[in-house]
Amino acid sequence: MIPSAFDYAAPATVAEALSVLADAGDVKLLAGGQSLIPVMKLRLADPAMVVDLGRIVELSGVRDDGDALLIGAMTTHHQIATDPLIAEHVPLLAKAAATVADPQVRHRGTFGGALVHADPAGDMPAPVLAADATFILAGPNGERRVAAADFFQGYFTTAVDDGEILTHIRVPKYTGWGAHYEKFTRVAQQWSIVSVAAMVRVEGGAIAEARIGLTNMASTPLRATAVEQALAGAPLTREAIATASAHAAEGTDPASDLNGDAGYRRHLAEVLTKRAVFAAAGL
């Protein structure tokens, strides 16, 4: 499979990239290429120009930003999985990134690229939603910030407008919280059939607070708010967690496909939520 001919640009700064976007028509941004290149080879995407963000140094890396971490959009999944700041302050991201595809993809694919791609079965959107992150976008009118709850808008659709670039993701710190990402697939390296991202803060033998994100239970990642509410103040027991997890499928709208119908996915959401919270709570 060979893509159609296209023009190529590799700017060195965000300002240069925005300038190229302003002058281009049918354009795609190349952040890691693990999703874009395959669909171009199949000619399901046929852009006139590809703008490679790989040379923009300012878009990579993780840095401390007070009460949050500031993560560059071009930071690879491998960097997310192994970065010491993330391991200390937002371990959920590290655990989720470590499950993405295979080592080759994790070394090439990028955090921001996966988030903007917004595949409902992708592993990174649900943890970011659970962590209540903020997306920082640069565009022709300057910088704007979008809450994770408003960023994912539908199948492969986000709040990023034409001419804009996701530059950073700001993730609040959850130092001391337990975290776990429970992923269910039929075969290794597959997209999630259903996955659950869980963070739990334990205090005085009870669950003080919980944050739960669901992967592939709708056209966008979802918060399992009914579970979060049921867990808040619950005793730190397997029975209490199991009772709360029974609410995991409330408000979801899973698809039916060859991997499982909607009812099967609702069942998985309950089972995986229970497992994720058990692990996050240290049970």
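The following questions and answers concern the predicted model shown above.

Residues are numbered from 1 along each chain as its sequence is written. In this predicted model, local features need pLDDT of at least 70 and side-chain atom pairs count only at pLDDT 80 or more, while totals for chains, interfaces and linings use all residues; side-chain values use heavy atoms, with hydrogens and water left out.

Q: Which residues have the most contacts inside the largest nonpolar core?
A: A nonpolar core is a set of buried Ala, Val, Leu, Ile, Met, Phe, Trp, Tyr and Cys residues joined through side-chain atoms within 4.5 Å. Buried means under 20% relative accessible area, exposed over 50%, and partly exposed in between (1.4 Å probe, protein chains only). The largest such core has 39 residues, and those with the most contacts inside it are Leu93, Phe111, Met124, Phe135 and Ile169.

Q: Which helix gives the largest share of this core?
A: Helices are DSSP runs of H or I with at least four residues, strands are runs of E with at least two, and both are numbered from the N terminus. The largest share of the core amounts to five residues, and these come from helix α5 (residues 91-97).

Q: Which residues does Met124 touch, not counting residues up to four places away in sequence?
A: Contact means heavy atoms within 4.5 Å. Met124 is one of the residues with the most contacts inside the largest core. With residues up to four places away in sequence set aside, Met124 touches His77, Ile80, Leu93, Ala96, Ala97, Val100, Phe111 and Leu115.

Q: How many residues does the other core have?
A: Another core lies apart from the largest one, and its members include Ile212, Ala218, Ala244 and Ala276. In soluble globular proteins, nonpolar side chains tend to be buried together. The number of residues in this other core is 26.

Q: Why do the buried residues of α1 lie on the same side of the helix?
A: In helix α1 (residues 14-23), the buried residues are Val14, Ala17, Leu18 and Leu21. They are on the same side of α1 because they cover an arc of only 100 degrees around the axis, where the arc is that of the directions from the helix axis to the C-beta atoms. An α-helix has 3.6 residues a turn, so residues three or four places apart point the same way. The arc that puts these residues on the same side is 100 degrees.

Q: Which strands do the buried residues of α1 pack against?
A: Ala15 and Asp23 are exposed on the other side of α1. The buried residues of α1 pack against β2 (27-30), β3 (49-52), β6 (134-139) and β10 (165-172).

Q: How many residues apart are Asp67 and Arg170?
A: A salt bridge is a side-chain nitrogen of Lys or Arg within 4 Å of a carboxyl oxygen of Asp or Glu. The side chains of Asp67 and Arg170 meet in one, at 2.8 Å from N to O. Asp67 is exposed at 53% relative accessible area, whereas Arg170 is partly exposed at 22%. The pair links distant parts of the chain, with Asp67 in the loop between β4 (62-64) and β5 and Arg170 in strand β10, 103 residues apart.

Q: Is Glu228 buried or exposed?
A: The side chain of Glu228 forms a salt bridge with that of Arg223, at 2.7 Å from N to O. Arg223 is partly exposed, with a relative accessible area of 26%. Glu228 has a relative accessible area of 10%, which means that this residue is buried.

Q: Which residues are linked in a network of salt bridges?
A: A search of the whole structure finds 12 salt bridges. The residues linked in a network are Arg201, Glu203, Glu209 and Arg211.

Q: Where is Asp132 found?
A: Asp132 has a positive phi of about 60 degrees although it is not a glycine. At 38% relative accessibility, Asp132 counts as partly exposed. Asp132 is found in the loop between α8 and β6.

Q: What is the relative accessible area of Ala118?
A: Ala118 is placed in the loop between α7 (111-117) and α8 (125-130). Its phi is near 60 degrees, a positive value in a residue other than glycine. Ala118 is buried, with a relative accessible area of 5%.
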